[in-house]
Amino acid sequence: MIRHTFSFLESFIKWVGYLAGAMLALLIVLVVYDATMRYLLQSGSIALQELEWHLFDVVIMLGIAYTLQRAAHVRVDIFYDRYSERVRHIINIIGILFFILPFSLLIIYVGFDFVMISFSQMEASSDPGGLSYRFLVKALMPLAFVLLIVQSMSELYKELTLLKEKR
């Protein structure tokens with residue numbers, strides 16, 4: 001039952017990662033278009049520049065859990081690769097329990113108020129012609145860390161299972 005639940009959640013996170021990839025492709029197109037318009041035709045748009053920033057936020061926030069899932073996160077591999085498989089599992093478990101989970105819970109706790117303040121003020125760009133509803137992008141922060149917790153729990157389950165098998 002637990003394995004099936006994590007499998008479903010990991011499939012969802014994979015889909016979110018693919019969505020982040022699609023947003024990255026869109027961001028690249030927008031940046032090329034914006035730069036072309038600005039430097040060749042001397043025409044620019046504040047809203048377009050802010051949309052680029054927002055899409056960058058979407059790519060980063062939605063890509064966090066997917067990056068952990070694919071083991072593409074930053075790690076000091078110089079030391080990590082020298083350890084036995086058992087020690088690596090222990091390091092991963094410690095990292096999840098004492099770093100990823102507490103940090104994620106803190107970001108969710110602080111981020112929720114951050115989003116609610118933005119929402120209550122209907123925060124928008126201070127620039128003329130800028131984008132409205134900034135709280136939508138800010139809401140990605142706690143959401144991203146909820147997804148990171150979900151993926152971390154899946155990773156923890158896998159690491160504990162592998163560690164138990166190595167006995």
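Modeller: A salt bridge is a side-chain nitrogen of Lys or Arg within 4 Å of a carboxyl oxygen of Asp or Glu. The model here is predicted, and five salt bridges are found in the structure.

Colleague: Which residue does K158 meet in a salt bridge?

Modeller: Side chains of opposite charge can pair when their charged atoms come close. In this structure the side chain of K158 meets that of E10, at 2.8 Å from N to O. The pair links distant parts of the chain, with K158 in helix 6 and E10 in helix 1 (residues 2-40), 148 residues apart. E155 joins E10 and K158 in a network of salt bridges.

Colleague: Are E10 and K158 buried or partly exposed?

Modeller: Buried means under 20% relative accessible area. E10 has 18%, so E10 is buried. K158 has 31% and is therefore partly exposed.

Colleague: Where do R38 and D34 lie?

Modeller: Both are in helix 1, four residues apart, about one turn of the helix. D34 is buried at 2% relative accessibility, while R38 is partly exposed at 29%.

Colleague: What does R134 pair with?

Modeller: The side chain of R134 meets that of E123 in a salt bridge, 4.0 Å from N to O. R134 is in helix 5 (residues 134-138) and E123 is in the loop between helix 4 and helix 5, 11 residues apart.

Colleague: Now helix packing. How is it read, and at what angle do helix 2 and helix 6 cross?

Modeller: Two packed helices are described by the angle between their axes and the distance between the axes. For helix 2 (residues 46-69) and helix 6, the axes come within 8 Å and cross at roughly 5 degrees. Angles under 35 degrees count as roughly parallel, so helix 2 and helix 6 are roughly parallel to each other. Residues that meet across this pair include A65, L68 and Q69 in helix 2, and L148 and Q151 in helix 6.

Colleague: Is Q151 buried or exposed?

Modeller: Q151 is buried, at a relative accessible area of 0%. Leaving aside neighbours within four places in sequence, its contacts are E10, I13, A65, L68, Q69 and K158. Among these, E10 and K158 are the salt-bridge pair described above.

Terms used
Residues are numbered from 1 along each chain as its sequence is written. This is a predicted model: local features need pLDDT of at least 70, side-chain atom pairs count only at pLDDT 80 or more; totals for chains, interfaces and linings use all residues. Side-chain values use heavy atoms; hydrogens and water are left out. Buried means under 20% relative accessible area, exposed over 50%, partly exposed in between (1.4 Å probe, protein chains only). Contact means heavy atoms within 4.5 Å. Axes are lines fitted to C-alpha atoms, for helices over the stretch in contact, and angles run from 0 to 180 degrees between N-to-C directions. Helices (H or I, at least four residues) and strands (E, at least two) are DSSP runs, numbered from the N terminus. Angles under 35 degrees count as roughly parallel, over 145 as roughly antiparallel, 65 to 115 as roughly perpendicular and the rest as oblique.
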